[in-house]
Amino acid sequence: MSTSFALHCFEEKEKLVQCLVRGTAINTEKKTSDKGITKNKFRNSNSDEVNQVVHDNFKDKYIIDTYSENGYEHIRLYSGEDKYLYIILRESTFQEQLEKKEDTNLSIHYLYAYAYMNRWLAKSSPIPTGQLAFFDGGIVSHKELLIQQKVKEVIKDLDVQVTQLITYDVVRGKVVSVKARVLHPEITLPSIFEEDLSQYIVTYDNEDETVGFTVEPQYEELSNEMQNQILGDLLKFKTKQKDQEQ
């Protein structure tokens, strides 16, 4: 099992961020070159181009698929080696769910299904493994049942150990920030783990396709090593704890 949540090495982190940058640049170029009076087909999104660039650059190492809901698709990268599932979304999509008012009568957003897979990493699991209808001797809430049903729809039979959300924010056609989060089962609570990947952002220039893939980022190797050690210890402790509970 990998000791780092955010992909597997500095090179992969940098590569992923640059895919987000390059895909966004391609989308911006298309908007600029389109001389039509309206541009509704873009719908203020750049996800199609970003997803394609990510797919083309990571398909040899990860199993990549998409999940569709309400007419919108997002891309997912699955590592069979350590059973990690990476979900790529716009930061605004994530923030909308954090700001959304609680209403258990409405359908559950897919982010709750992804976060549910990290429940064993949280200090206390909201729903014990293997229990579908009862919690601490009582019936679980309506929301919890909806989340469990959503897991079946979103995760299906995929063997997932940890899910990680990769979000990126775009301002005026450029990526300005990238974050990696291991969500808490209750997504409005602080993430179990969060890493700012914005240090890997560099300017992409379409006149030179090497730009954005060769620029070396500035980072502190020691701090990342310490971080990976802490995360590795957390995983070992939680895995042992999970095994004892089963």
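Which helix and strands each supply at least two residues of the lining of the largest cavity? Keep that in mind; the tour ends there. You are looking at a predicted model.

**Stop 1: Glu-195 and Lys-13**

Start with the salt bridges. The structure holds 10 of them. Select Glu-195 and Lys-13. They form a salt bridge, with the closest N and O atoms 3.1 Å apart. Now show the secondary structure. Glu-195 lies in strand E8 (residues 193-196) and Lys-13 in helix H1 (residues 10-33), so this pair ties together parts that are 182 residues apart in sequence. Are the two residues buried or exposed? Both Glu-195 and Lys-13 are buried.

**Stop 2: Asp-159 and Lys-83**

Next, select Asp-159 and Lys-83. This is another salt bridge, and its closest N and O atoms are 2.8 Å apart. Here two loops are linked. Asp-159 sits in the loop between helix H5 (142-154) and strand E6 (162-171), while Lys-83 sits in the loop between strand E2 (72-79) and strand E3 (84-90). The partners are 76 residues apart, so they link distant parts of the chain. Asp-159 is partly exposed, with a relative accessible area of 40%. Lys-83 is partly exposed too, at 33%.

**Stop 3: Arg-181 and Glu-194**

Move to Arg-181 and Glu-194. Their side chains meet in a salt bridge of 3.7 Å, N to O. The pair joins strand E7 (residues 174-182), which holds Arg-181, to strand E8, which holds Glu-194; the two residues are 13 apart. Arg-181 is buried, with a relative accessible area of 4%. Glu-194 is partly exposed, with a relative accessible area of 41%.

**Stop 4: a network**

Select Glu-69, Lys-150 and Glu-153 together. Salt bridges with shared partners join these three residues into one network.

**Stop 5: the cavity**

How many cavities of 30 Å³ or more does a search of the whole structure find? The search finds one. About 40 Å³ of space lies in the largest cavity. Select its lining: Ser-47, Asn-51, Tyr-72, His-74, Ile-88, Leu-89, Arg-90 and Tyr-168.

Colour the lining by class. Four residues are nonpolar, three are polar and one is charged.

Then colour by element, and return to the opening question. Helix H2 (47-58), strand E2 and strand E3 each supply at least two residues of the lining. Strand E3 gives the most, with three residues.

Conventions. Residues numbered from 1 in each chain as written. Predicted model: local features only at pLDDT ≥ 70, side-chain atom pairs only at ≥ 80, totals over all residues. Heavy atoms only, no water. Salt bridge = Lys/Arg side-chain N within 4 Å of Asp/Glu carboxyl O. Helix = DSSP H or I, 4+ residues; strand = E, 2+ residues; numbered from the N terminus. Buried < 20%, exposed > 50% of the residue type's maximum accessible area, 1.4 Å probe, protein only. 1 Å grid on protein atoms, 1.4 Å probe; cavity = no way out; pocket = protein on both sides within 12 Å on 5 of 7 lines; lining within 4 Å. Points joined across faces, edges and corners; volume = space filled by probe spheres on them. Nonpolar A, V, L, I, M, F, W, Y, C, P; charged D, E, K, R; others polar.
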